Amino acid sequence: MRIRHIHVRPNIPQALLPLVDLARNLWFSWSWGAVQLFIRLNPVLWEKSYQNPVLMLGSLTQAELEAAARDESFVANLKRVHENFTHYMKAPGWFQETHGGEKDFLAAYFSCEFGIDEGLPIYSGGLGVLSGDHLKSASDLGLPLVGVGLLYQKGYFRQQLNLDGWQQEQYPDNDWWNMPVSLENGPDGKSLTIEVPMGGERVKARIWRVQVGRTPLYLLDSNLRDNSPRMREITSTLYGGDREMRIRQEILLGMGGVRALRALGLAPTVYHMNEGHSAFLAIERIRTLMAEQGVTFAEAREQVFASTVFTTHTPVPAGNEVFATELLLKYLQPVAEELKLPWQEFLGMGQLASSRSPDFGMTVFALRMAAFTNGVSRLHAETSRTMWRDLWPNLPETEIPIRSITNGIHTPSWLSHEVGELFLRYMGPRFTEKPADFSIWDRVDAIPAGELWRIHESRRERLVFFARKRMKEQLQRQGAGPASLKAAEEVLSPEALTIGFSRRFATYKRAGLLFRQPERLIRLLADPQRPVQILFAGKAHPQDLPAKELIKSVTHFASDPRLRGRLVFLENYDINVARYMVQGVDVWLNTPRRPLEASGTSGMKAAANGALNVSVLDGWWCEGHALDTGWAIGNGEVYEDAEEQDRIECEALFNLLEQEIIPLFYERDKTGLPRDWIAMMKTSMRKLGAYFNTHRMVQEYTESCYLPAHRAGRQLHADGFAGARALADWRARVTAGWSQLSLRIEDTRKEKEIPVGSAVGVAVRASLGALSPGDVSVQIYHGLLDAAGVIRDGSVVQARHEGRDGDADLFRAEIPCWMTGRYGYMARIVPRHPDLVNPFTPLLITWE
């Protein structure tokens, strides 16, 4: 049987047509004026449609639409909002004002998930929300950037808890025809598609577009009749399926994503791999250059390496994707043959020489294929350098080329509209234009304490009502009785100190830390004089049984009658739940096992709304914490014994709550205001809001990664890839001759002590074999010695070439000695070339 289909669209009156523009651009998700328009049409339907304006417009009755079209006030407001939108889309941004001279610049940002708004559920958690915020800030800044991802038919999953508190997963289908996505069509008017060879089949995928302000996001969809059933499932579920499904998804994302951009006529000059899932894009770029430009693998690799950025996101080993060699052989051996690479050489690009495992690591591969690599906080970059140091043997850990670019949040997306209006009133319109400007955030101090506190209390009250409604719906679905439903209407208090804990439920995040002392916790929560309440939310991965047990234990503890509804678990954690929580809690709790939290951004969102953080010193909080911005659990210790760590940090957390946090919150002046608490709120908002935002983050990516990568790539691309050819030839020559290099320091000094501030002259004799002094950099690595006689946090001085001396080249340098103590220094040789973007990848280094 054959089913024919047509697309039925809503019949929007002429006066309301601007609503269609607003509904189909995710700009509405951070424009309260646009959201108000949809709420005004039908507030119940807005919530019922999951805040998806496309679905809502299609669900309104024709009578409702006609009534709105006759409402002069509504039409006037619509016109004003649409004019703001039109101006936003056309106005120049930071990039045009600062880097307008950069020609042909375009960055392509690849991620396996994007969390932009609750009405487009193709995200799981923090990685996706960060990706969405990255696109939003790119739009606000006017940065030429496109996003690339997959369009998951079932998204992640919707979480439901049964009566016993056990997580169950539901996978409802997404209806793309009633969501803010649209098919990209080719010149013939038909859907634009690409094909990717995969496991002996040719997988076809169509391209959908999501408009995020000025930034387009392109999403691939394999759910086509032309594909076999197993290949149609590639874009079914985010993080679902077996290992074979995962490698198919990552081939489609990386290789298919590059093909999609070409099909769209786009030519990015920079490719950003947000986590290792998309790393196969490097292979596709190399393959394309070899096939179309006639360059060798080595020459193409130089071009691709120089213009690629990679961000690693997790120090948890399980979070770094690896694939068995059998899967690589099945899916990528034909690609290796096309690249004319021996199979073991291809496989070696994703393997660690020091590892006994033959598996292919996507993070290892990405680190080798990108000249610009970074972690997502300072501590995470340090952890990553330690974690991946075997890729750079004999290189001091501090020099391993993994920098830090600390995450942030798209502030307008996460501020409550009440706080946003307060900021506009006291900080001015430049707050929305330049949220990374510290001088603007200084104006937070001008906000009257009473005004800030009234808004904060109203948001807490709104959170409590939201939680009651969700709890009642949850119990009704579970088949609870009238008594339980009545009790749900009275859980939590609008006046009590409210603590929030919501994030992906993984055991290392330690949601159960407080439950180690249950009686002590009950005393805190049940205190009638100074009441405390806690809201939990979060999803466990469907296969993570320990995390599911943790959720179950939280729900069981919440049922203790002594708590009187002071502890609740809200099911189906998503952007909507997160927004209510970060906008309404007083304290944001974070208890990861250091150093396993790469960054974390939920605490940043809470801080922007006035909540105070109490957290282990991990991830972003190492940079954000100060005595006047929140509280630290411990002092950043790392324990070998996890049980001891939990015991000590549980005790520290209870002490903070009992001795500092609760007393400070309930210390009120004659007018009923907690003046010291409000002062701390202001300081936290001012200091943290100015730095921990994605405007600053994207600007940092642009100036430290994107633009250098763009310029390096253009340099190698120019004149028919002359630069890439020359660099590949040079690298081959240097690599072949590197084993012949040697050097030694000529130590002629007699004095063993010198005064601080002096300089030590060092002479180095180097035998360069077939290489010339222009091929290498002779350096002195120096610094203070630790107790083990090892240089810690060393610095590098370049030695200058003084000419030949017999059969060797002579180099000299001066070492500045600015600190007292035992000083050490060593000589080394590394490669040097004017087009070498990253001198340490791949690593060639010779020490004395």
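**Exercise 1.** In what order do the six strands of the open sheet stand, and is the pairing parallel or antiparallel?

*Solution.* The structure is a predicted model, in which local features need pLDDT of at least 70 and side-chain atom pairs count only at pLDDT 80 or more, while totals for chains, interfaces and linings use all residues. Residues are numbered from 1 along each chain as its sequence is written, and side-chain values use heavy atoms, with hydrogens and water left out.

Step 1. The order is E17-E16-E15-E18-E19-E20, with parallel pairing. Strands (E) are DSSP runs of at least two residues, and helices (H or I) of at least four, numbered from the N terminus; two strands pair if DSSP finds at least two bridges between them.

Step 2. Strands E17 (567–570) and E20 (630–633) are the edges, each pairing on one side only.

Step 3. From one strand to the next, the twist averages 20 degrees. Axes are lines fitted to C-alpha atoms, for helices over the stretch in contact, and angles run from 0 to 180 degrees between N-to-C directions.

**Exercise 2.** State how many bridges join E15 to E16.

*Solution.* Six bridges join E15 (residues 497–502) to E16 (residues 532–537). Across this pair, Ile 499 stands opposite Ile 534.

**Exercise 3.** Identify which strands helix H29 lies across.

*Solution.* Helix H29 (residues 675–691) lies across E15, E18, E19 and E20. Its direction is at about 75 degrees to E19.

How values were computed. Contact means heavy atoms within 4.5 Å.
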